[in-house]
Amino acid sequence: PCTPEQYLSKRPDYLEQGSVFQDATTFHFLSTYAEFYKGEDFLFCGGMDDGIYYFQEFLGNADRLPGILKALGAQTGHVLLPGEMPSTMYLSLDGTEELPRYFGIALS
């Protein structure tokens with residue numbers, strides 16, 4: 001486990017250039033219902049509901065997911081990995097039309 005501040009400070013190490021960086025306000029809100037974790041080669045946050053771990057975000061080595069789910073005592077997990085599919089609407093405020101490489105943090 002880690003604090004939201006520790007998570008936020010390590011997060012840029014895992015994001016590709018062109019990703020959207022949320023500020024501390026997002027993580028403060030997320031901390032009202034999610035747990036934060038960091039490992040040697042991954043970061044994630046989320047929570048358990050009825051044996052399913054719902055990842056709000058998973059960054060890093062996805063090969064670690066089976067071990068993470070087992071360590072958390074989850075029967076299964078729901079995760080969207082960066083680059084798989086957009087999970088939010090996006091409107092560019094600077095006039096560029098290029099979509100961000102990764103938006104992150106599914107606030108669900």
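The side chains of Glu-57 and Tyr-7 are joined by a polar contact of 2.7 Å; that term covers N or O atoms within 3.5 Å of each other, where within protein one must be able to donate a hydrogen and the other to accept it, and residues adjacent in sequence count only if both atoms are side-chain atoms. Keep in mind that this is a predicted model, where local features need pLDDT of at least 70, side-chain atom pairs count only at pLDDT 80 or more, and totals for chains, interfaces and linings use all residues. Residues are numbered from 1 along each chain as its sequence is written, and side-chain values use heavy atoms, with hydrogens and water left out.

**Around Glu-57**
- Glu-57 sits in strand E3, and its 1% relative accessibility makes it buried (under 20% relative accessible area; exposed is over 50%, partly exposed in between, with a 1.4 Å probe and protein chains only).
- Glu-57 also has a side-chain polar contact with Arg-11, at 2.8 Å.

**Tyr-7 and its ring partner**
- The whole structure holds ten aromatic pairs, meaning rings of Phe, Tyr and Trp (its six-membered ring) with centres within 6.5 Å; planes under 30 degrees apart are stacked, over 60 edge-to-face and the rest tilted.
- Tyr-7 pairs with Phe-36: the ring centres are 5.1 Å apart and the planes are at 65°, so this one is edge-to-face.
- Tyr-7 belongs to helix H1 (residues 4–10) and Phe-36 to strand E1 (residues 35–38), so the pair ties together parts 29 residues apart in sequence.
- Both Tyr-7 and Phe-36 are buried.

**The Phe-42 and Phe-58 stack**
- Phe-42 and Phe-58 make a stacked pair, with 6.2 Å centre to centre and 10° between the planes.
- Phe-42 is in strand E2 (residues 42–49) and Phe-58 in strand E3 (residues 52–60), so here the linked parts are 16 residues apart in sequence.
- Phe-42 counts as buried at 10% relative accessibility, and Phe-58 does too, at 1%.
- Ring pairs also link up a cluster made of Tyr-37, Phe-42, Phe-44, Tyr-53, Phe-55 and Phe-58.

**The chain as a whole**
- There are three helices and four strands, which are DSSP runs (helices H or I, at least four residues; strands E, at least two) numbered from the N terminus.
- Along the sequence, the pattern goes α-α-β-β-β-α-β.
- The chain has 108 residues, and 32% of them count as buried.
- Take the contacts (heavy atoms within 4.5 Å) between residues at least 6 apart in sequence: 51% join residues at least 24 apart.
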